[in-house]
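Colleague: Thanks for making time for this one. Could you show me the chain, and then we can go through it together?

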Amino acid sequence: EPVYMALTFDDGPSPSNTPRLLEGLSRRGVRATFFLVGSRIEGREDLVRRIRQEGHQIGNHSFGHGDLTDLDKCSRALERVLGPGSYWLRPPYGFISQEELCALGTPAICWSVDTEDWKSRNVDSILDIVLRQAGDGDILLLHDCYPTSVTAALEIVDRLQPRGGRFVTVEELFAVK
């Protein structure tokens, strides 16, 4: 029985780490979801295009990782590079009110497994959380701005793929589940 999970990466794109992550995911035949910060897109347009070209889902993580008032600004930054589309949202810190949610018109995606990768910056700690908590239908929260998170993400795939782990985008996960 396949076990479907979504790897999600916040706060990118990172010129130093995202390319290594993309290479690793590509070698493993894995698609993920990248929630990008709008202010980090300028000067990294080729990297943003590459994420899309390699079959990953791209979402909106606000423009400055502050509050939700700059969601439109992030959407516009994404549209300038990728064209119009539906850029699903991950609210910064997962905070969003019912009113904001209703006003969005796009799905807001939080997570079910928080790897706390930004806190530990430790591959073994990230792996331990995922191997203990992650199961079918889970959305895993990671950040591609940390090299330890990239290493851990690829290790997660290497550990779980042989046991039936199928890593898909959030959109694909919702279609399957």
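Colleague: How many aromatic pairs does the count come to?

Modeller: Keep in mind that this is a predicted model. Rings of Phe, Tyr and Trp pair if their centres lie within 6.5 Å. By this rule the count comes to 2 aromatic pairs.

Colleague: Are the rings of phenylalanine 9 and phenylalanine 34 stacked or edge-to-face?

Modeller: The ring centres of phenylalanine 9 and phenylalanine 34 are 5.4 Å apart, and the planes meet at 25 degrees. Planes under 30 degrees apart count as stacked. The angle therefore makes this pair stacked.

Colleague: How many residues apart in sequence are the parts that this pair ties together?

Modeller: Strand β1 (residues 3–12) holds phenylalanine 9, and strand β2 (residues 33–36) holds phenylalanine 34. Both phenylalanine 9 and phenylalanine 34 are buried.

Colleague: Where in the chain is phenylalanine 174, the partner of tryptophan 88?

Modeller: This pair links distant parts of the chain, 86 residues apart. Tryptophan 88 is in the loop between α3 (71–82) and α4 (98–104), while phenylalanine 174 is in helix α8 (residues 170–176).

Colleague: Let's step back to the fold. In which order do the elements run from the N terminus on?

Modeller: The chain has 8 helices and 6 strands. From the N terminus on, the order is β-α-β-α-β-α-α-β-α-α-β-α-β-α.

Colleague: What is the radius of gyration of the chain?

Modeller: For 177 residues the globule rule gives 16 Å, and the value for this chain is close to that, so the chain is as compact as a globular protein of that length. Its C-alpha atoms fill a box of roughly 40 × 35 × 30 Å along the principal axes. The radius of gyration itself is 15 Å.

Colleague: What share of the contacts with a separation of 6 or more comes from residues 24 or more positions apart?

Modeller: For background, 48% of the 177 residues count as buried. Among contacts with a separation of 6 or more, the share from residues 24 or more positions apart is 74%.

Colleague: Now helix α1 (residues 18–28): what covers its buried residues?

Modeller: The buried residues of α1 are Thr18, Pro19, Leu21, Leu22, Gly24 and Leu25. Residues three or four places apart in an α-helix point the same way, because there are 3.6 residues a turn. The cover of the buried residues of α1 includes β1, β2, α2 (45–53) and α7 (147–160).

Colleague: Which residue is joined to glycine 12 by a cis peptide bond?

Modeller: Most peptide bonds are trans. Here omega is about 0 degrees, and the bond is cis. The partner of glycine 12 in that bond is proline 13, in the loop between β1 and α1.

Colleague: What is the phi of aspartate 11?

Modeller: Aspartate 11 lies in strand β1 and, at 13% relative accessibility, counts as buried. Most residues other than glycine have a negative phi. Aspartate 11 is not a glycine, and yet its phi is positive, about 80 degrees.

Colleague: Last one: which residues is valine 113 in contact with, leaving aside its neighbours within four places in sequence?

Modeller: Valine 113 is in strand β4 (residues 113–114) and counts as buried at 1% relative accessibility. With those neighbours left aside, its contacts are Ile129, Gln133, Ala134, Asp138, Ile139, Leu140 and Leu141.

Conventions:
Residues are numbered from 1 along each chain as its sequence is written. This is a predicted model: local features need pLDDT of at least 70, side-chain atom pairs count only at pLDDT 80 or more; totals for chains, interfaces and linings use all residues. Side-chain values use heavy atoms; hydrogens and water are left out. Helices (H or I, at least four residues) and strands (E, at least two) are DSSP runs, numbered from the N terminus. The radius of gyration is taken over C-alpha atoms; the globule rule is 2.2 Å times the number of residues to the power 0.38. Buried means under 20% relative accessible area, exposed over 50%, partly exposed in between (1.4 Å probe, protein chains only). Contact means heavy atoms within 4.5 Å. Rings of Phe, Tyr and Trp (its six-membered ring) pair if their centres lie within 6.5 Å; planes under 30 degrees apart count as stacked, over 60 as edge-to-face and the rest as tilted.
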